[in-house]
Amino acid sequence: MNKIFYLTTPLYYVNAKPHIGHAYTNILCDTFARYRRFRGEKVFFLTGTDEHGTKIEKAAREQGKDPRQYVDEMVPQFKELWSLLDIRYDHFIRTTDEEHKTVVKNVLQQLEKAGDIYKAAYRGWYCTPCESFWTKLQLAGGLCPDCRREVQELSEENYFFKLSKYQSWLVSYIKENLEFIQPEIRRNEIISFLKEPLEDLSITRPRSRLSWGIDYPTSKEHVVYVWFDALVNYITAAGYSVDATRFENYWPADVHAVGKDIVRQHAVYWPIMLHALGLKPPKKVLAHGWWTMAGAKVSKSRGNAVDPAELVKKYGVDAFRYFLLHEVTIGNDGAFSEDLLAERYTTDLANNLGNLWFRIASMLEKYFGGKIPVIRQSHTGDDLLEKSFRLWDDVNQAMKNYDPRTATSKIWEVITRANQFIEEKKPWVLARREKDSDDQGLEKVLATLVECVAHVGGILSPFLPETSEKILKRLQLESELTLDQESFSKRWIKEKNKIERGEALFPKLDEEKAAS
Ligand code: ME8
């Protein structure tokens, strides 16, 4: 059996509703997943929620709720947003799932048996919002080096996982497998972090301080540290320690997509945990950048989050997806503003793609009563058709590198070219001329255009699934496509196909929207 293409998002903390940053990671992964399915590959796309730990316990307490009740109320907000954004995941994992708790316990028992866990006193400085312990040297002027908030000094007995034992293995692994951490800037950061000796990882919290966590299997006084618990999710979902056949078919994961804030956990702790278990590291940790607003990272705690659901209501799901996928190169930060989204909507979507569809459909209605002309000679003296067929290779090349920005740019080059082609060929002039001649100019021009827009509609399906489906259905073509290079580089329109113009693909924004 072919190995499943397995990709994951981080499991999001449920202490606030999801914002544009979470939407971004899930839209990227959804696009990668759809793209693979589109090529006929079997895919397992995992997302979910991280539900234990101090942060969640505190948020529940603030609302006077029991943590279990609180997390159960928060999870639907994530699922609803994913449905609104057309995120077609295969499984939604919650760290409170019973199966996950079993796997975490199995993992810990295995590591204890292997001698990779020991108990010791721990003295450190703890930052509650970040769930991080810091050594004195790591503190920034006595504050948390990540968020610059106050830290508390703590000394307690905990269980430790021997990260340090595997440090040299990890350094060689990273250097020998350059595709493991991407982009390069993140790999270099991790390599330089690993120049200092790694400290072992405290993987428990005393129950007296935190009760909302997975029970530590061999001590009633401890619960498992939230990051250790959460990382294990990636093998829980693949069936580790409960379903060997499934696991073999799923692991190693092909991509863990994460924000640049959590690379260390995914590219240092996690591969070492896996290696200690005798398992392979994931093939790739792909770290994207941050969306910022007014110069600051969009975050729950800063309260500057824009509500993705509101943006979808105003601009539609595909416009939101297009903006996030196209605006920045993966890995770089992007400045989000609604003005910019409105501008892209108008220029790239309404005026370019929307207009192309409208012109082609209107001309077919006007000149051929909605029927698509049969072409006796297909040559139009233009490379538009070739360019449309070549989109397969261009998009493939970009998506091999997890680069939806380049992929969408290539698609928009063809859309722009098709609009120019209409200007050059002037079908309205050809229509007048043909009344008195047997010249097939008009038919050839429109047949070329309609093939072009059909192929654009097809290749858009991983990126803008709703628009893709509309275009294909309006041309009476199959909208759940599975394609390869050969089937893509063919004419799709048959004699029987009729075109339906339909509503504007991207209606004009009203004044209020455009001005906001
Ligand atoms: O870190 N721009 O959860 P979390 C882009 N539970 N992406 C952003 C972003 C922004 N401004 N803000 C958040 C956790 N993200 C852990 C993960 S995994 C086993 C456990 C996205 O709710 C980005 O993917 O804080 C980032 O890594 C993630 O949300 C952090 O989500």
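Tutor: Three strands form an open sheet of mixed pairing, in the order β14-β13-β15. Helices (H or I, at least four residues) and strands (E, at least two) are DSSP runs, numbered from the N terminus, and two strands pair if DSSP finds at least two bridges between them. The model is predicted, so local features need pLDDT of at least 70 and side-chain atom pairs count only at pLDDT 80 or more, whereas totals for chains, interfaces and linings use all residues. Residues are numbered from 1 along each chain as its sequence is written, and side-chain values use heavy atoms, with hydrogens and water left out.

The edges of this sheet are β14 (296-297) and β15 (334-335); each has a single partner strand, so one side of each is left without a neighbour in the sheet. Strand β13 (residues 291-293) pairs with β14 in the antiparallel sense over 2 bridges, and M293 has A296 in β14 as its bridge partner.

Another set of pairings involves strand β12 (residues 285-288). Strand β7 (residues 181-182) runs parallel to β12 and is joined to it by 2 bridges; Q182 has L286 in β12 as its bridge partner. Strand β11 (residues 255-259) is also parallel to β12, with 4 bridges between them, and V258 stands opposite A287 in β12. Strand β11 is in turn joined by 2 bridges to strand β1 (residues 5-13), again in parallel, where L7 stands opposite V255.

Burial is taken here as under 20% relative accessible area, with exposed over 50% and partly exposed in between (1.4 Å probe, protein chains only). In β11, 5 of the 5 residues are buried, so this strand is largely enclosed by the rest of the structure.

The nonpolar packing comes next. A nonpolar core is a set of buried Ala, Val, Leu, Ile, Met, Phe, Trp, Tyr and Cys residues joined through side-chain atoms within 4.5 Å. The largest such core has 169 residues, of which Y6, L85, I235, W251, I411, L449 and L475 touch the most other members. Helix α12 gives the most to this core, with 13 residues. Apart from it lies another core, of 6 residues, including W125 and C144. Contact means heavy atoms within 4.5 Å; neighbours within four places in sequence aside, the partners of Y6 include F44, Y234, W251 and V255.

Finally, the helices. The buried residues of helix α17 (residues 465-474) are P465, T467, S468, I471, L472 and R474, and they pack against α1, α11, α12 (338-368) and α16 (441-459). After α17 comes Q476, whose phi is positive, near 55 degrees. Two of these partners also meet each other: among the residues of α1 in this contact are I20, Y24 and L28, and those of α11 are F320, R321, L324 and L325. The residues of the contact of α1 with α11 divide into 8 nonpolar, 1 polar and 3 charged (Ala, Val, Leu, Ile, Met, Phe, Trp, Tyr, Cys and Pro count as nonpolar, Asp, Glu, Lys and Arg as charged, and the others, Gly among them, as polar).
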